[in-house]
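Hi,

Here's the structure I promised to pass along.

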Amino acid sequence: MEKGYDFIIIGGGSAGAVLAARLTENPAAQVLLLEAGGRDWHPFYHVPAGFAKMTKGIGSWGWQTVPQKHMQNMVIRYTQAKVIGGGSSINAQLYTRGNALDYDEWRQMGCTGWSYADVLPYFRKSEHNDSFENDYHSKGGPLGVSQPRAPLPICEAYFEAAAQIGIPRNRDFTGATQDGVGYYQLTQRNYRRSSTSTAFLSPARGRKNLTIKTGAQVLRLVVDKGRAVGVDLAGIGRISAGIEVILSSGAIGSPRLLQLSGIGPADHLTSLGIPVVFDQPGVGANLQDHLDLFVIAECTGPHTYDRYAKLPWQAVAALQYALTRRGPVASSLFETGGFWYADPAARSPDIQFHLGLGSGIESGVAAMLQGGVTLNSAYLRPRSRGTVRLSSADPLAAPLIDPNYWADPYDREMSIRGLKLAQDIMRQQALRPYVLAERLPGPQVMTDEDYFNYACRHAKTDHHPVGTCRMGSDPAAVVDPTLRFNGIDNLRVVDASVMPTVVSSNTNAPTIMIAEKAADMIRACHG
C-alpha cells in the first residue's frame with residue numbers, strides 16, 4: 001500500500017484539475033490527483049488552432065458509440081479526452097455557460113443551491129475576462145476568457161446574413177441574454193489555450209500537499225463497509241483516502257469506473273461477473289448529448305483557413321503566429337456562432353450554431369477541394385436519454401456508449417429544423433460574395449426522408465455528454481445536491497455527469513463551475 005492521502009481525485013480534467021488546485025489552497029489537505037492520460041506537452045494542446053487535431057485522435061480514448069438504432073444504426077466517433085486538463089485541453093475553447101433558465105430548472109428538479117443566482121458567483125470566481133467586468137463577468141480569476149484574436153471578414157458577413165432572416169447580433173452570450181449571433185468568448189489567455197491544466201494546476205504544482213500522477217489507470221474504487229476508502233491503481237496497488245474519494249472522470253468515465261467497482265445496476269454487473277457492491281440503477285443512465293448537423297459550402301475564394309491545411313501554408317501560419325500572435329494558428333476555428341429557435345414556443349434558444357472557418361476541420365467531416373465554410377447546428381435540449389454500460393469486466397475495455405439519439409421523435413424534428421435554419425442563413429445575400437454553392441446537404445436534399453438519410457450519414461456529436469450520475473433530492477438520484485454519492489459514504493462525484501439535464505450550450509465552463517462550487521462544499525463539510 002502506498003501512503004494515504006486525505007483526498008484522492010480520479011480524473012485531472014475540466015473538473016478534477018480545478019478541485020485539486022482549490023483543495024490544496026489549504027496546506028493541511030493532502031491531495032492526490034490521478035489522470036489516466038499524459039501531460040499536455042505537445043504544442044497542439046496550447047495553440048488555439050490545435051483543436052483541429054483533437055477530434056482526430058490526439059489526447060483521446062478513441063471510443064465510439066454503439067450503433068444508433070434510431071439513426072439507421074449509425075456509429076459515431078466519440079472523442080473523450082485522455083490528457084491532463086481533460087476536455088479543456090482538447091476542445092474548441094468556447095466559453096459558454098448555457099441559459100439562466102437551465103439552472104433554475106435544476107433547482108425546480110430538487111437540486112437545492114443550483115439556481116442561476118447560486119451558480120453565477122462561481123462562474124465569475126474562475127474568470128479573468130479581457131473585455132467585460134460587470135454583474136456577469138469578472139477579472140482576476142485563473143481562467144483566461146478572451147475575445148477572438150483572428151476573425152475573418154466572412155464572420156461579419158455571417159452576422160449580416162443572420163440579420164437578414166431576423167436574428168439579431170449579440171456581443172455577450174453569457175450576459176443578460178443568450179439570443180442572437182456573434183463572436184464567442186474563448187478560454188484563451190495571451191493568445192494561448194487556457195485549460196484547467198494551465199490555468200489552475202500549473203500555479204499549484206509547486207505545493208507540497210499536491211501529488212499529481214499522470215498515466216495512472218484506476219482499476220476500481222475500494223469500498224469497505226459502505227465507505228469509500230481508496231483506489232486500486234494499475235502497476236502500483238492500493239492507495240488509501242482518509243477523508244474522501246472524488247470521482248471526476250466525466251460523463252462517460254465516472255459511471256464506467258463506478259460499474260467496474262461493482263457500483264451500478266445489479267443485473268448488468270451480475271451479467272458480467274462483477275460482484276455487486278452497491279445496487280444503483282441510476283449509474284450510467286440519463287445520458288444526454290447534443291447531436292450536430294452541419295452545412296458545408298464551397299467558397300468563391302480563400303475566405304477561410306482551408307488553404308493552411310497544406311504544408312507550405314502551415315509554415316507561413318506558424319511564422320505569422322510566432323511573430324504577431326495572429327492568423328490561423330491563433331484561431332479556434334469555431335469562434336463565431338449563436339443561439340436561436342427551432343421551436344418558436346421554446347422558453348429560450350434551443351439551437352446553437354458554430355461557424356467553422358474551413359471544411360473538414362473535425363474527424364469524419366468532408367473537406368472542400370477549393371476551400372469551404374461550415375455552419376454547425378445542434379438541438380440543445382434533447383428529450384432522448386441513453387446509457388453508459390460496460391462491455392466486459394476488463395478495466396481496459398471500451399465502454400458501451402449509447403446516447404440513444406432521436407429516440408424521441410421531437411429531437412429529430414427540432415434537429416432538422418435547426419439544420420434548415422442553418423441552410424437559410426448560408427443562402428442569404430450577405431454571404432453570396434463568399435459562398436459559391438452549398439455542397440452538403442446540397443439542393444438534392446428536399447424531403448423529410450432526404451434530411452433524415454443525410455443526418456444518418458453525416459451527423460456527429462458536439463462532445464457534450466452529461467447526466468450519467470444525476471444529481472437530485474429524490475431517492476433515485478445518484479448524488480445529492482452536495483454531490484455526495486447516495487448510499488456510499490466518503491464518495492463524491494464532481495463532473496458533468498452530475499448535471500440532471502444538459503445545459504443549452506457547450507459544457508466546459510459549466511463543468512468548471514461545478515468544480516468551483518464543489519470545492520467550497522467540501523471545505524464546508526470538512527473544515
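Let me start with a question: is arginine 417 buried, partly exposed or exposed? Its relative accessibility is 34%, so arginine 417 counts as partly exposed. Bear in mind that this is a predicted model.

Arginine 417 has a salt-bridge partner in glutamate 413, with N and O 2.8 Å apart. Both sit in helix H11 (residues 409-426), and because they are four residues apart there, about one helical turn separates them. Glutamate 413 has a relative accessible area of 39%, so glutamate 413 is partly exposed as well.

That pair is one of 21 salt bridges that turned up in a search of the whole structure. Another joins arginine 97 to glutamate 127, where the closest N and O atoms are 3.2 Å apart. Arginine 97 is in the loop between strand E5 (94-95) and helix H4 (100-108), while glutamate 127 belongs to strand E6 (residues 127-129), so this contact ties together parts 30 residues apart in sequence. Both arginine 97 and glutamate 127 are buried.

Arginine 347 is partly exposed at 31% relative accessibility, and glutamate 105 is partly exposed with a relative accessible area of 31%.

Finally, there's a network: Arg22, Glu25, Lys125, Glu516, Asp520 and Arg523 are joined by salt bridges that share partners.

Cheers

Methods
Residues are numbered from 1 along each chain as its sequence is written. This is a predicted model: local features need pLDDT of at least 70, side-chain atom pairs count only at pLDDT 80 or more; totals for chains, interfaces and linings use all residues. Side-chain values use heavy atoms; hydrogens and water are left out. A salt bridge is a side-chain nitrogen of Lys or Arg within 4 Å of a carboxyl oxygen of Asp or Glu. Helices (H or I, at least four residues) and strands (E, at least two) are DSSP runs, numbered from the N terminus. Buried means under 20% relative accessible area, exposed over 50%, partly exposed in between (1.4 Å probe, protein chains only).
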